[in-house]
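Okay, thanks for coming, everyone.

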Amino acid sequence: MLPGTITSGTGWCCGVTLDFEGVAVVPLVGASSFSGHWTSGCASAFLPATCMRTLTLQLVARSGDVLSLSAEASWEVPDETEPPPTWSVDSAASTGRFARYSGSGTFSVDAPPSGGITIALSGNLSPAP
């Protein structure tokens with residue numbers, strides 16, 4: 001679990017976009033600060049609508065090495081089923097000891113109206129051989 005603070009955000013009729021940051025201890029990464037961007041919503045209140053979900057997450061270890069995770073999905077409502085929220089390591093944006101990490105999994109985002117944000121990640125993360 002990555003509990004964070006929302007640093008900025010906007011909403012529209014059919015979605016939200018949020019920037020966030022926090023600190024956490026992450027398996028295989030250690031004590032880290034993190035920051036990211038979350039967008040979820042639809043481009044139209046009328047059907048059919050194009051809906052999307054994106055997540056970028058940068059975990060920064062005490063050494064300064066960066067592990068970058070990303071997720072992106074889009075679908076048409078009502079014609080397509082919303083795909084499951086999945087993340088993967090963005091090796092092009094990862095640095096230092098994380099530059100050759102690989103991994104993927106699922107995630108959830110909880111951003112209640114009362115404030116804050118929590119990112120829950122599950123899946124596999126593998127260090128470079």
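Before I point at anything, one definition: I call two strands paired if DSSP finds at least two bridges between them. Keep that cut-off in mind, and keep in mind too that what you're looking at is a predicted model.

So, that cut-off at work. Strand β5, residues 66-77, and strand β6, residues 86-89, run antiparallel and are joined by 2 bridges. Since at least two bridges are needed, β5 and β6 count as a pair because they have 2. If you want a spot to look at there, find Ser70, which sits opposite Ser88 in β6.

Now the overall picture. The strands make a closed barrel, 8 of them, in the order β1-β2-β3-β4-β5-β6-β7-β8, and the pairing is antiparallel. From one strand to the next, the twist averages 25 degrees.

Let's move to β2 and β3. How many bridges join β2 to β3? There are 12, and the two strands run antiparallel.

Next along is β3 with β4, where β4 covers residues 49-61. These two are antiparallel as well, over 11 bridges. Here Gly41 faces Met52 in β4. This is a hairpin too, with 6 residues between the strands.

On to the rings. Searching the whole structure turns up 3 aromatic pairs, and I'll show you two of them, including Phe20 with Phe34, a tilted pair at 6.3 Å centre to centre, with 55 degrees between the planes. That pair links distant parts of the chain: Phe20 is in β2, residues 15-26, Phe34 is in β3, residues 30-42, and they are 14 residues apart. Buried or exposed, this Phe20? Buried, because its relative accessibility is 2%. Phe34 is buried as well, with a relative accessible area of 4%.

Another of the pairs is Phe98 with Tyr101. The ring centres are 5.0 Å apart and the planes are at 85 degrees, so this one is edge-to-face. Phe98 and Tyr101 are both buried.

Last stop, the cysteines. The whole structure has 2 disulfides, and if you number the bonded cysteines in sequence order, the pairing reads 1-2, 3-4.

Start with Cys13 and Cys14, a disulfide with sulfur atoms 2.5 Å apart. Which hand does the Cys13 and Cys14 disulfide have? The torsion about the S-S bond is about -85 degrees, so it's left-handed. Cys13 has 65% relative accessibility, so it counts as exposed, while Cys14, at 22%, counts as partly exposed.

Then there's Cys42 with Cys51, where the sulfur atoms are 1.9 Å apart. The S-S torsion in this one is about 90 degrees, so the disulfide is right-handed. Both Cys42 and Cys51 are buried.

Conventions. Residues are numbered from 1 along each chain as its sequence is written. This is a predicted model: local features need pLDDT of at least 70, side-chain atom pairs count only at pLDDT 80 or more; totals for chains, interfaces and linings use all residues. Side-chain values use heavy atoms; hydrogens and water are left out. Rings of Phe, Tyr and Trp (its six-membered ring) pair if their centres lie within 6.5 Å; planes under 30 degrees apart count as stacked, over 60 as edge-to-face and the rest as tilted. Helices (H or I, at least four residues) and strands (E, at least two) are DSSP runs, numbered from the N terminus. Buried means under 20% relative accessible area, exposed over 50%, partly exposed in between (1.4 Å probe, protein chains only). Axes are lines fitted to C-alpha atoms, for helices over the stretch in contact, and angles run from 0 to 180 degrees between N-to-C directions. A disulfide is a pair of cysteine sulfur atoms within 2.5 Å.
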